[in-house]
Amino acid sequence: MALLFDANQISDYIEKLSEFIYKDLGNSKSIALLGIRSGGEFIGKRLQKILLEKGMSQVDFGIIDNTIYRDDLNLMGDRQPRIRTTEIDFSLDDRIVVMIDDVLYSGRSIRAAIDAMMDFGRPSMVKLAVLFDRGGHELPIAADYVSEKVDVPSGKKITVFIEEKDGVEKVEIA
Amino acid sequence: MKNNKDFIWRRKHLLELKDLSEAEINHIFETADGLKVVSQRSIKKAPSLRGKVIVNLFFEDSTRTRTSFALAASRLSADVLEFTAKASSISKGETLRDTARNIEAMGIDTVVVRHGAAGAPHMLTECIDACVINAGDGFHEHPTQGLLDIYTIREMKGDVKGKKIAIVGDIAHSRVARSNIWALHTLGAEIFLVGPPTLMPPAADQLPVTVCDNFDAILPDLDVVNMLRIQFERSSGATIPSIADYAGRFGLTENRMKRCKPDVTVMHPGPINRGIEMESAVADGPNSTILKQVSNGLAVRMAVLFLVNQASLLPPSERVGG
């Protein structure tokens with residue numbers, strides 16, 4: 001296990017992501033953030049707070065679970081998926097939606113999240129914001145906002161620990 | 001109780017609740033929590049069981065359970081085959097075993113079976129490779145009904161532990177009662193069986209329950225009242241003096257509701273004999289969760305279908321119960 005970033009750096013990266021989103025969408029009447037469980041949910045919640053503090057008038061926040069849309073459900077064996085709740089208490093129809101995740105890797109998780117989201121409504125626009133893009137994309141999916149590109153050797157995993165979820169804040173490679 | 005995030009569901013079959021641990025029951029509920037939203041949005045479909053084939057193999061009449069399983073499978077994008085004994089080769093003398101094996105030969109993944117003989121679902125697990133879900137076998141158990149009842153209690157009351165729950169009526173002939181008893185016991189509820197002695201199971205004293213034939217006496221203490229129908233079709237001979245006598249002593253009336261806690265939860269697995277075990281005003285009243293039980297049944301059955309199929313992907317040595 002090697003420490004890549006500490007809590008202060010994570011905080012800076014989240015702030016950087018908020019600046020990208022604000023620069024692009026700050027003049028929009030309202031946007032909706034969807035945190036992808038579980039990496040994106042708490043990052044998304046923080047982004048909501050920051051964007052509102054920056055002066056955006058309406059930033060709705062929801063959490064989306066993509067488990068039942070995964071393309072590897074029949075291949076997981078004893079790495080069984082755990083279905084968790086999706087919490088979206090507003091309409092997605094005609095909304096600008098920004099999906100939030102911690103790490104972009106193959107793109108399959110994002111694909112599943114997009115399919116899950118589309119069954120809730122029809123946004124007018126969908127953007128993707130990630131803290132880290134480690135490359136190795138297996139699908140033609142790219143993030144619109146990326147805090148940092150990280151070079152992670154194949155076979156290694158990058159894990160983002162968030163205080164609200166893990167009790168500690170850091171990024172590790174193992 | 002929150003499950004460990006690494007919990008693995010290991011049962012390819014769901015035959016009874018008697019053997020399920022608290023962690024297993026909670027895992028079904030957490031999975032149902034996550035799947036409930038599929039039925040609440042405009043596109044009531046998710047692809048999780050796409051390409052899977054589920055067979056409803058019903059040898060007894062059913063409205064709710066059969067429809068609920070078919071819809072649950074459909075919501076998860078599985079293909080559903082409906083089989084009724086009356087319109088099948090069963091009428092020509094084909095055995096249950098041969099029926100199931102012939103259907104399996106067409107390529108199926110899960111069998112949902114309801115049969116008049118206790119143990120029939122278990123027997124099926126020994127002669128087919130598909131997942132088997134018991135939808136009610138004789139007087140034995142009706143696992144998904146028990147689960148949805150308790151899922152509903154959990155929704156209404158939070159933790160089941162310590163809650164006083166009465167099951168009232170024809171306990172002797174009720175597989176629903178048995179499933180409820182085992183799972184409620186596992187989760188730490190205090191269970192009361194209420195009814196005339198003639199409708200109590202012979203070995204009721206060996207169950208983790210308190211048996212009571214005075215409904216009025218315990219009403220004020222109850223958090224949940226689960227009313228059962230007299231199963232005339234399953235009983236032989238007279239078990240009650242008259243329907244009027246039974247309704248007078250054990251029917252849940254508006255007057256009896258006045259003696260209950262204001263937030264008591266009133267349940268019934270259906271079908272209801274209005275005016276016998278329950279007055280219409282109570283069945284349709286603010287404390288009734290009868291329709292909620294039906295909608296929760298969909299989420300619970302989606303969860304069970306998903307989980308047994310996930311368990312079927314495990315090597316046999318890592319599974320529980322075959």
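The largest nonpolar core has 137 residues, and B:V111, B:V225, B:M302, B:A303 and B:L305 touch the most other members. A nonpolar core here is a set of buried Ala, Val, Leu, Ile, Met, Phe, Trp, Tyr and Cys residues joined through C-beta atoms within 7 Å. A residue is buried if 20 or more other C-beta atoms lie within 10 Å of its own, exposed if 12 or fewer, and partly exposed in between, with C-beta atoms placed from the backbone. Helix α11(B) provides the largest share of this core, 11 residues. Helices (H or I, at least four residues) and strands (E, at least two) are DSSP runs, numbered from the N terminus. Domain 1 (22–142 + 295–318) and domain 2 (144–291) of chain B both give residues to the core, so the core lies between them. These bounds come from an automatic or database domain assignment.

The structure is a predicted model: local features need pLDDT of at least 70 and side-chain atom pairs count only at pLDDT 80 or more, while totals for chains, interfaces and linings use all residues. Residues are numbered from 1 along each chain as its sequence is written, and chains are lettered from A and ligands numbered from 1 in the order in which they are written.

Which residues does B:V225 contact, leaving aside its neighbours within four places in sequence? They are B:A166, B:V168, B:L252, B:V264, B:V266 and B:M267. Two residues are in contact if their C-beta atoms, placed from the backbone, lie within 7 Å.

**Domains of chain B**

The centres of domain 1 and domain 2 of chain B, taken over C-alpha atoms, are 26 Å apart. Their contact takes 20 residues from domain 1 of chain B and 19 residues from domain 2 of chain B. On the side of domain 1 that touches domain 2, α1 (22–35), β4 (131–137) and α11 of chain B each supply at least two residues. Helix α11(B) gives the largest share of that side, six residues. By class, the side of domain 1 of chain B that touches domain 2 of chain B has eight nonpolar, seven polar and five charged residues. In this scheme Ala, Val, Leu, Ile, Met, Phe, Trp, Tyr, Cys and Pro count as nonpolar, Asp, Glu, Lys and Arg as charged, and the others, Gly among them, as polar.

Helix α11 (residues 290–311) of chain B also meets helix α5 (residues 143–157) of chain B: their axes come within 8 Å and cross at roughly 120°. Axes are lines fitted to C-alpha atoms, for helices over the stretch in contact, and angles run from 0 to 180 degrees between N-to-C directions. The contact includes B:T144, B:L147 and B:L148 of α5(B), and B:K292, B:Q293 and B:N296 of α11(B). By class, this contact of α5(B) with α11(B) has five nonpolar, five polar and four charged residues.

**Between the chains**

How many residues of chain B are in contact with chain A? There are 17, and they meet 16 residues of chain A. Helix α1(B) gives the most to the side of chain B that touches chain A, with four residues. That side of chain B divides into nine nonpolar, four polar and four charged residues. A:D78, in the loop between β3 and β4 of chain A, touches B:I8, B:L314 and B:E318, not counting residues up to four places away in sequence.

**Chain A**

The buried residues of helix α3 (residues 108–118) of chain A are A:S109, A:I110, A:A112, A:A113, A:I114, A:A116 and A:M117. They pack against β2 (31–36), β3 (59–64), β4 (96–104) and β5 (125–133) of chain A.

A:Q58 is in the loop between α2 (41–53) and β3 of chain A. Is A:Q58 buried or exposed? A:Q58 is exposed, because 12 other C-beta atoms lie within 10 Å. Its contacts, leaving aside neighbours within four places in sequence, are A:K29 and A:S30.

**Backbone details**

| Peptide bond | Form | Omega |
|---|---|---|
| A:R37 to A:S38 | cis | near -10° |
| B:G270 to B:P271 | cis | near -5° |

A:S38 is in the loop between β2 and α2 of chain A, and B:P271 is in the loop between β9 (265–267) and α10 (280–283) of chain B.

A:D94 has a positive phi of about 60° although it is not a glycine. A:D94 is exposed, with 10 other C-beta atoms within 10 Å. Phi of B:S77, a residue other than glycine, is also positive, near 70°. B:S77 counts as partly exposed, because it has 15 C-beta neighbours inside 10 Å.
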